[in-house]
Each structure stands twice: as C-alpha cells, then as structure tokens.
Amino acid sequence: MEQSLDFHELDPVLQAQLQLGSFTGKFDVKEFVGLVSERLITQSKTSSGPFDPKPFIRTFEAAVDRLIAVRKDVQTKTEQMEKSVRVAEREYSKKMMELNRGFEAVGSSFSTMESKMNEVGRTAIRIGEQLESVHIERQRAQAAHNLIDYYNQFSRGDTSRLDALKKEGREGRRQVAVILRRLTTVAREVDLPTAEKTRENIDKYCEKFEKDMLYLFDRCYRKGDPKMMHHCAQTLLDFNGGASCVQVYVNQHDFFMNKIRDDSDHGEDVLWKSISKPDESPPKTEAGLTELFGEIRATVGQESQIVQAVFPNPPLVMQVFLQRVFAQSIQQYMEQLLNKGASLSDLAYLRALQLIHSQTSALVEDLKAHELPSITPSRASMDTTDFRRALVGTSSAPGASTTSTTIGIMLETAMEELFVPYTEGQKYLERENKSLGELYANLLATFTRFHMRTQRGKSSMFDRMVDRLGAAAANTSTTGGSSTSAQAAAAIMRFGGISAERMQDKATEDPVREEDGLLSVDIAEKMLKWHAEAIGRCVELSPQNDVVKNTFSLLRVLAEAIGGAYLETALETAHARLETADAKIEPNLHALIVLHSVDLICHLWQQYSNMALFPLAASSVTIRREMTVFNSQAVSRVEGAANNLMQRMTDVIISWLSLQLTKQKKNDFKPRNDDLSFARVNTEPCVACCETLEKVRDAVIESLSGKNRETFLTEIGVSFHGLLLDHLRKFPVSATGGLMLAKDLKSYQDTITSFNVPALLERFEFIRQLGNVFLVRPEILRSYIAENYLGRIDSVLLKPYLAQRSDWGQFENRFNENIDIEEPSTDIATKGLKERFKTARLSMMMKELEGLKLGEGMSMGIPTGLTGNFSISGRTFGSGSGSGGT
C-alpha cells in the first residue's frame, strides 16, 4: 500500500486552504472539496491511461490529517480561552460587588443630605412667609402713611405733591389716579372737625383730575393717537372704573353724531304701496333699514379692533357701544317704520314689524362674530371694597373674579328689549287678530251684504249669527280684555256693514249681484293664505311659550270667518230660499252647487288645519286637545247646516213631483179608442216627473259624490216610490189604458235606474210588475200576482190596485172565492206578515218590509232622513259623520 503524502508535499494552493484562517467566516464544503480535487481531475484528464484513484486518495488523506491537526489546535486554544474567561468573570464580579457597596454608601450620604436640605427649606419657607407678612404689613403701613400724608395736605389745601407726581408722565398720572381713588374712600370714613372741608377739596381735585384726563383722551381721540388713548383709558379705569371715558368715546363717535335718518329719503314708494295689500307678498327688505344695518356691520367690525387697542376692558366698551346702537339708531328708525306702517293699516304695521325682526335677527347673528376676549383687571384697578379690605387687614377670597356678560348674551337681551314694547302681553296678538278680522271682513263685505238683503225680514240662522256677532262686538267695548272671537266679530260687523244702527240702512245702499253671494274656492284659498302669513308672523314674533296659545287664538278667528261668516251664511241663505220658494214653480237646484262648494272649502280648510296649525300645538297636549275639539265643533256646525239644506232640498223635490202627479187626468189610463190617445208615448205628468228626476240626477252627479250622492238619490227614489204606490190607487185603468200606464212606469223605472243606486232597482221593478196587473187576462191574474215580487205581498193588499181595473166587477167574485185559499208551501213567517197587513196600505207595508230580501243578493233599505248623513270629504276631526265625500 502506497504511503500517503506529507502536508508539505501538497500543492501550495491546497496548503493555504488547509490553514486555520480559511475556516473563519463563510465556509462552503462543496467549494472546498472542489478546490482540493480540481488539479487532480485536470491531471487525470490529461493522462491517456485508465483512471487512477491513488492520487486522489493520497491527497485527501493528507488533507484529512491536516484538518485533524487543525481541529486539535483549535480545541486547545478554546480551552485556554475558557479558562481566561472564567478568571475574568471572577474578577468582574468582585469589582461589581465593591462598586455596589460604594454606591450604597453614596446613596446613604445623599439621603442624609436631602433630609437636611428639606429641613432647611421648611425653615426658609417659614422665613419667607414671615418676610411676606412683614412686607405686606409694611406696604399697608406705607400706604396708610402716604394716604394720611396726602389727606393732611388736602386738609391744608396743599396739592403740590400730587401736582408734581402728575407731571412725571404716564406712570405718575396712574399713581395719582390710584391715590385719589383711595383718598376718596378714606374721606368718606373719616370723622374729624375738618373732614367736610377736606372731603370737598378731595372731590374738587378728583373732578379736576377726571376732566383733565377726559380732555386729554378727547384730544388724543381727535388726533388719532391710540397709545395715549389707551393710557388715558387705563388711568381712568384705575381712577373710577373708566365709565366716563367710555361714555365720551361712545357719545362722540361719528356713527351717532352724523346719522340722523329719515325713511322718506330712500324712495320706497313701491314698498309702502304694496305692504298694505294682503295679496302681495310681504316685503323682505327695506332700503333704509338695509343701509343702516350695513353701516352697523361695517362700523362694529372697525370698532372691535380699535376698542381692543385702546381700552383695557374691550368687552365692556363694546357692549356699551352696541347698546347705544340698539337704543338709539335702530330703535329710532324702527319707530319711524312702524309709525308709517300703522298710519296705513294694521297689516302694514305687522309686516313692517316682521321685516324689522327678521333683519335684526340676522344682524345679531352677524355681530356675535365680534365676541371679544375678557381681560383680567390689574391689581392697581382693584375696587373700593378690595382696598377697604386691605386697610383693615383682610383679603378677598382666593379665586374670586368679576364675571361680565358676553356680547352674544347682551345682543340677545338688547334685541328682546327692542321688541318688548310691541309684543309684550297681548299687544301683538290683539293687533294680529284685529288685522285678520278686518281683512276677512273687507273680503266678505259684498258677500255679507248680499246675504243680508236676501235674508231681510226673515228670522233665520243668519239673523242669529248677526245677533251673536253683535253681542260679541258689544263685549269688546264693555270689557277691558276682549276675546279673540269678540275682536273678530267686531271687525266682521264693522267692515261687513252689520252694525246694529246701520243694518237696515246698509241693505238699501250699494246694489249687489247674484254672483256676489256665491261661495268661491278662490276666496277660501285667499283667506287661508292670509291666515298662513299671520301664523308665520306669530311663530316668529311670539315668545316660544306663547306660540301654541296664539296659534289657537288665530284658529278661532279663521273658524269664525270661514266657518261661521262664510259657509254657514251661504248654507242658511240657500235653505231660506228653499223655504220661501213658490211650490208651484219647479225647484231651483242651486242648493246642490252650494253643497259642492261647501265640501271643497271645508276640505281645503281641514287640510290646512291638519298640516299647518295642529303640528304647532305638538308641545302642549292640553291646548292641542282643545284645538281638536274646537275644530271638530266648527266643522260639525257646517255639516249640520248642510244636512238641513239637503233634507229641505229633498222635501222640495218630492213636493214638486207630488204636484206633477196630481195633474194626472182621471181618464189618462182609460182612453177613448182614437188615434190621438194612442199616439202619445207617455202622459204629461210622467214626462214632467222624468224630466225633473233627470235634472236632479245630473245636478247631484255634478255636485255630490260618494255616500252623500247615494244617500240623497236614495231618499229621492224611495220617496217617489211611495208617491207612485199611492198614485196608482187613484186612477181606473182600462185594457188599452194599461199599455199607457206600463209605458209611464217603464219610463219611471228607466229614469231611476240611471241613478245607479242598487237599493232602488228592485223597488221600481216591483212598481213595473204592479203595473202589469192591468194588462194580464183575468184568468191568469191570480197566478201572476203569486209570482216574482208580487208573490211576496199579501193579495189583500193588492186589491185596491186590482179594483182599478175596468173589468174588475166582472171577475171580482171569482177572485174573492180563491183569496182565502193558501198555498201548501206558504212560509209561516210570510203568513204572519199577511195577517198583520190585511187592512194595511201597500206603501205602508213596503216600509215595514225594510231590510226584507226581495231578490237574489239584494236587500231593500229605506232611509228616513238625511240628518247626520252629510259629511265633509277628507275630514279628520268629525263627530261621527260618514266617510263619503260630496
């Protein structure tokens, strides 16, 4: 076996790689093996013989031996270094223990020193407090000595010392101010024989000093010297609070000296011409007011900077300036506008007041941006009380400070005081009610005169309304505090011409037209629009707590005007016309148009109340409930009047139909056998009744709707049905006349069918079948009346109608023989009815059969009156009225 190579026999490059330094840092095994075998691989490739591994083996063995030797060297060095580290650690631990003991000793020394220093500090504090107390006592003694000295000098009339101090400049004047303030306090409390004279000398000198400082301030103000103005203001603040200086500054300000305004200079003729017209929109601006408020905004913006630079207490000065602006400039111009508005009308006055209020509110919000920071007064400016405490050895409570009202609060107060004379108590509300009442009275004046003349000489609800308005108006003049209704009534009477003295004379004055008395939705909308404007003013001008109460008051005015003076008057006039109408003349259906207008206006009124008025009362449950009850009662009165009118209209129409039926000739249904008799389609009473019913139908469809329409037409149809039942019992009918009668009844049925009221269809089908008894042959008559609707009526009740047949005498005996024979299938209940009505009239029996089913799926209901059935469409606050609309 060949011996391995020695380390020194290896390639020098390989020897360098096998040194210890090659293994420090980053080491890659693959790279190391490749480096060792790189030369051997090259040699093996150049050899022409077979692969010889021996060079590789010898080289790697030598490398491994060298690596083992290197590892041993490293291990030896590691052991030596570990020993050295352990020795160093022991020495380090020993040194750290020694240092810790040293630090503990130093800390103990410092603790001892700190305790000694704390003891010295407490001693120093006690000494300092004693020194401060001695210093304060010394200051008090010095101040007392100086004051006594100055007081003695004043008692001798000697002011040279103060004069010399005053000539020393700004600081000297400030000292003189403080001294004089203190001397004034002392002079009031000294009680010596010469005290009165000394007090007079001090007061004279103080007065002279103040005048000199004010003169200096005024001179500097005119020169525009803010520094000297600030000195004078500070000096006067130390002297007496500086109020006189502030007054001089404010009183001599150019804004107050040169601003004497007259609203006639602004050319606002258009505004003053339209402000009294209720149909015109309220004005939003007034040129003079806008100009004044613009100047105020600009002036306050400049003054806030000047005041901060000049005065030591700028918030107080700014408040004085703004109070003067409100009390003089704004109030004077406000009085001019309101006086001019009051000379025109109450509406002009109220609109001017609202305009000023809204503009002033905007001005106040803008001026709040000039809020100035408060400045703590200096020690030299302490007041008399503080100085007195110093003299007697007491001190004020720590933390005590004088608080002043902020500019924002002052502005709110100034604005409130500006409007209090016009809104306090009931002043504003009374004027608003009066204005609204006058507007409504003017608007309804022609309407009221028309209905007065229509009602002249007749006692009606209108007369009762006049009496009620008269009593309310009298209450206004006899009592100091008049109610809202009394004010509205007085206005309506005064402007509507309904005074007790002139009521009869007024009726003979200006001529009125028919259209003057018609209800108009446009008029109602105008009344609601005016009322909405008044509500808007009420919300803006009334105190927050009074808005609900004032809204209720204005609601009463509206109800009195639109409900009582407008709708109820029109309804009562229509009712009176029906009462006085000639029964021989065809009835006028104008009352239905009145009902239609009443419904529309009431609906509009209630929608307005629900949307605009009741939400304003949400904050007060009690007043909202009272408003709801009042509104419900007002609408119920209108509904009651409408019910009366509908009932009267029904009576008039039925009376007219009855009159037409009385014109039926005795032989209309027993004609002669001539061509003229058979040429007629219907009899004249039939034609007249059908024409009347068609006119009523068209008028009702145009004017009424819903349940009101159905109820009214049902009442007409049922009443006419009763008339026909009685009518058929009065006239003899021949065989050929039965054809005429059948054509008449068919016309009646067709006309009633056009009413489109299901409750009437079977009634008039019954009438048609009853008319057919005059057409059927005698031998089948018995079977005919036992069928259909006639079969439900006792044959005894039909005998009065059968007796009108011209051939009744020929077969009456045979008919009577069978009249008591009952059908086996006769219902017990029906039999009972027959027994009950053996002697009754058929029309009475029809009423007793109310609700009895006459046909499949239909029942018969007979209304007995319209009272309580008329309802206002869309009404929310009612008293149990129907839900249908007219």
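Predicted model: local features only at pLDDT ≥ 70, side-chain atom pairs only at ≥ 80, totals over all residues.
A salt bridge is taken here as a side-chain nitrogen of Lys or Arg within 4 Å of a carboxyl oxygen of Asp or Glu. Residues are numbered from 1 along each chain as its sequence is written, and side-chain values use heavy atoms, with hydrogens and water left out.

The chain contains 34 helices and 2 strands; helices (H or I, at least four residues) and strands (E, at least two) are DSSP runs, numbered from the N terminus. Of its 886 residues, 43% count as buried, where buried means under 20% relative accessible area, exposed over 50%, and partly exposed in between (1.4 Å probe, protein chains only). Contact means heavy atoms within 4.5 Å. Among contacts between residues at least 6 apart in sequence, 78% join residues at least 24 apart.

The whole structure holds 22 salt bridges. In one of them, the side chains of glutamate 514 and arginine 577 meet at 2.8 Å, N to O. Glutamate 514 lies in the loop between helix 20 (503–506) and helix 21 (521–541) and arginine 577 in helix 22 (residues 547–580), so this pair ties together parts that are 63 residues apart in sequence. Both partners are partly exposed, glutamate 514 with a relative accessible area of 40% and arginine 577 with 30%. Another salt bridge joins lysine 434 and aspartate 346 (3.7 Å, N to O). Since lysine 434 belongs to helix 16 (residues 427–443) and aspartate 346 to helix 13 (residues 346–367), the pair ties together parts 88 residues apart in sequence. Here lysine 434 is partly exposed at 38% relative accessibility, whereas aspartate 346 is buried at 9%.

Attention now turns to the interior. In general, nonpolar side chains of soluble globular proteins tend to be buried together. A nonpolar core is a set of buried Ala, Val, Leu, Ile, Met, Phe, Trp, Tyr and Cys residues joined through side-chain atoms within 4.5 Å. The largest such core has 186 residues, and those with the most contacts inside it are Leu180, Ile296, Phe311, Trp605, Phe712 and Phe720. A second, separate core of 5 residues includes Leu14, Leu18, Val36 and Ala63. Leaving aside neighbours within four places in sequence, isoleucine 296 is in contact with Phe255, Val325, Ile330, Leu363 and Leu367.

Buried residues of helix 6 include Ile202, Tyr205, Phe209 and Phe217. Its buried residues pack against helix 3, helix 4 (160–166), helix 5 (170–189), helix 7 (226–240), helix 8 (243–251) and helix 11 (287–310). After helix 6 comes glycine 224, whose phi is positive, near 80 degrees.

Valine 594, in helix 23 (residues 590–613), is buried, with a relative accessible area of 8%. Apart from neighbours within four places in sequence, valine 594 is in contact with Leu519, Ala570, Leu571 and Ala574.
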